[in-house]
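Subject: Structure handover

Hello,

Please find the structure below. My notes on what I found in it follow.

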Amino acid sequence: MTDMTTPAARPLRIALIDDQPLVRAGFAMVIDSQDDMEVVVQAADGAAAVEELRARSVDVVLMDVRMPRMDGIEATSRILAQAPADRAPRIIVLTTFDLDEYVVSAIRAGASGFLLKDAQPEELLSAIRTVHGGDAVIAPSATRRLLARVVAIPEPQAQDTSVLEALTEREREVLALMGRGRSNQEIGAELFVAEATVKTHVGRVLAKLGARDRVQAVIIAFETGLVTPGEE
């Protein structure tokens, strides 16, 4: 008789990039305790990470910022540049509050979010699942304020506000709420629409802005002045 059992989904493959062995060991212990995750790559600097991930595919990368030989910003950019678009990993930058500018530079390089190194284990696991699901890690209030403060630093070339012209009035409202750190559920509650409708609006916003994910869209919202630092 044919076995009709549905095969189990493979665990998410995680890469840990950090120059501190104890940090890697701690994260690996938390991750490997989960049935749906496994650490398959570890590296102590960005250059080693680029080489490791050239030969091996992973789903999510936890990337430290300051490391010897190559920092996490450059490594993020190179890893995403060398990976096929349909198999590029999602990258979460690991940081502390004193590395604000580095963090946003890494997000501009393609990272899907950032996580404080002193995050609770459940926050780490939730962040991994969130970015793998296609969203971005920007929701916690402290992180939101951090992002708001840093993206307010002027870029050499300011973002042209004409990028917003393609958005409808409702899509601008949704983008503004995204920029204030609202979840889809919270946006739906504020606009009195179903969460499924919000997801549709978010998808259209990302497509029209040419943004890869929610973090990229939020940065555009700040750079164009649609959202200003400190707004809640």
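This is a predicted model. I start with M63, which touches I17, G72, A75, T76, I79, I91, I92, V93 and L94, leaving aside residues up to four places away in sequence. In β3, M63 is also the bridge partner of I17.

As background, nonpolar side chains in soluble globular proteins tend to be buried together.

On the sheet: it is open, with 5 parallel strands ordered β2-β1-β3-β4-β5. β2 and β5 (113-116) are the edge strands, each pairing on one side only. From one strand to the next, the twist averages 25°. The parallel pairing of β1 with β3 runs over 4 bridges. Helix α2 packs on this sheet, where it touches β1, β2 and β3, and its direction makes about 125° with that of β2.

One separate item is H201, in helix α9 (residues 195-209). H201 counts as buried because its relative accessibility is 14%, and the cut-off for buried is under 20%. Not counting residues up to four places away in sequence, H201 touches R170, E171 and V174.

Regards

Definitions and conventions. Residues numbered from 1 in each chain as written. Predicted model: local features only at pLDDT ≥ 70, side-chain atom pairs only at ≥ 80, totals over all residues. Heavy atoms only, no water. Contact = heavy atoms within 4.5 Å. Helix = DSSP H or I, 4+ residues; strand = E, 2+ residues; numbered from the N terminus. Buried < 20%, exposed > 50% of the residue type's maximum accessible area, 1.4 Å probe, protein only. Pairing = 2+ DSSP bridges. Axes fitted to C-alpha atoms, helices over the stretch in contact; angles between N-to-C directions.
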